Amino acid sequence: MTDEGIAPSVLGPALEERGFASLYLAEHTHVPVARATPYPGGGDLPRQYYRTLDPFVALTAAGVVTERLELGTGIALINQRDPILLAKETASLDLVTGGRAVLGIGAGWNREEMLHHGTDPKTRMARMREYVVAVKEIWANDQAEFHGEFVDFDPIFSWPKPVRRPPVLVGGWGPKTLDRVVEYGDGWMPVAGRDRDGVLAGAIADLRARAGRHVPVVAYAARSEPDAVEQLTSAGVDEILFFLPTEPADETFRRLDRMAELI
């Protein structure tokens, strides 16, 4: 969602009218001009990466003109946000939309971007854990407190509390990702494709066995093609997110009409 494509207040109703279940928005606060970190997708960094709207503002705009669309970050770069503010932003989104917020999180890949926010890339995974735990403490308690290495606050009052505690979906597919999902996540958001879909079923089964519960799995940026949908569904995925390019409204509507045929 950028300043160069369809507006969130237009996209939200268009999704809901066509039967889609959710809208997830990515974010980058900025992209440093001098960047040594390579783009994970290869080649030049796409233009939309440095033109994204703030996801909480955009999701609110989509949420107030819809009734059932779930509204998620896919993903929020949690290490680049203050956890007390993040708890309030997410709870506020959940409140004004009647309990439809979902917090998808990740540690990020752009090292220079992290450094501008004062985050040491070497500590980003440990920091992410503390941020999630601290946010959940604020949501759950009238007088919340947390004392860790990266987050430290004495008892605080912080409202609003969410209508429905937003599920925290842990993004990524690294060696320890499933450990993080089991420890402090409510679900998993793996990136679809990249030759991984064939082994996804085993990873999902392993995750749910280790957690001892049905862990929701939301496949991120899947191909909007029947074979991809069939493969992900067979693997046990609960929800499939299609990538939607940044385009004007008329082009977006045509693309959504084609995608809607799959659901």
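Where is the place of Pro 160? In this predicted model, Pro 160 is placed in the loop between strand E5 (152-156) and strand E6 (168-171), and the peptide bond that joins Trp 159 to Pro 160 is cis, with an omega of about 10°. A further cis peptide bond runs from Gly 74 to Ile 75, where omega is near 5°, and Ile 75 is found in strand E2. Among the backbone features may also be counted Ala 221, a residue other than glycine whose phi has a positive value, near 55°; Ala 221 lies in strand E8, which covers residues 218-222.

Strand E2, in which Ile 75 is found, belongs to an open sheet of five strands, whose order is E1-E2-E3-E6-E7 and whose pairing is parallel. The edges of this sheet are formed by strand E1 (22-25) and strand E7 (187-189), each of which pairs on one side only, and from one strand to the next the twist averages 25°. Between E1 and strand E2 (residues 70-77), the parallel pairing extends over four bridges, and Ser 22 stands opposite Glu 70 in E2. Helix H2 (residues 55-63) packs on the sheet, where it touches E1, E2 and strand E3 (101-106), and the direction of H2 makes about 170° with that of E2. Helix H3 likewise packs on the sheet, touching E2 and E3, with a direction that makes about 145° with that of E3.

Two helix pairs involving H5 were then examined. Helix H3 (residues 83-96) and helix H5 (residues 124-140) have axes that come within 9 Å and cross at roughly 55°, and H3 and H5 are therefore oblique to each other. The crossing of H3 and H5 is right-handed. To this contact H3 contributes Pro 83, Ile 84, Leu 86, Ala 87, Thr 90 and Ala 91, while H5 contributes Tyr 131, Val 135, Ile 138 and Trp 139. By residue class, the contact of H3 with H5 comprises nine nonpolar residues and one polar residue, with no charged residue.

For H5 and helix H6 (residues 177-184), the axes come within 11 Å and cross at roughly 20°; these two helices are therefore roughly parallel to each other, and the crossing of H5 and H6 is right-handed. The residues that make this contact are Met 125, Met 128, Arg 129, Val 132, Val 133 and Lys 136 on the side of H5, together with Arg 180, Glu 183 and Tyr 184 on the side of H6.

Terms used: Residues are numbered from 1 along each chain as its sequence is written. This is a predicted model: local features need pLDDT of at least 70, side-chain atom pairs count only at pLDDT 80 or more; totals for chains, interfaces and linings use all residues. Side-chain values use heavy atoms; hydrogens and water are left out. Axes are lines fitted to C-alpha atoms, for helices over the stretch in contact, and angles run from 0 to 180 degrees between N-to-C directions. Angles under 35 degrees count as roughly parallel, over 145 as roughly antiparallel, 65 to 115 as roughly perpendicular and the rest as oblique. A crossing is left-handed if the near helix is turned anticlockwise from the far one by less than a right angle, and right-handed if clockwise. Contact means heavy atoms within 4.5 Å. Ala, Val, Leu, Ile, Met, Phe, Trp, Tyr, Cys and Pro count as nonpolar, Asp, Glu, Lys and Arg as charged, and the others, Gly among them, as polar. Two strands pair if DSSP finds at least two bridges between them.
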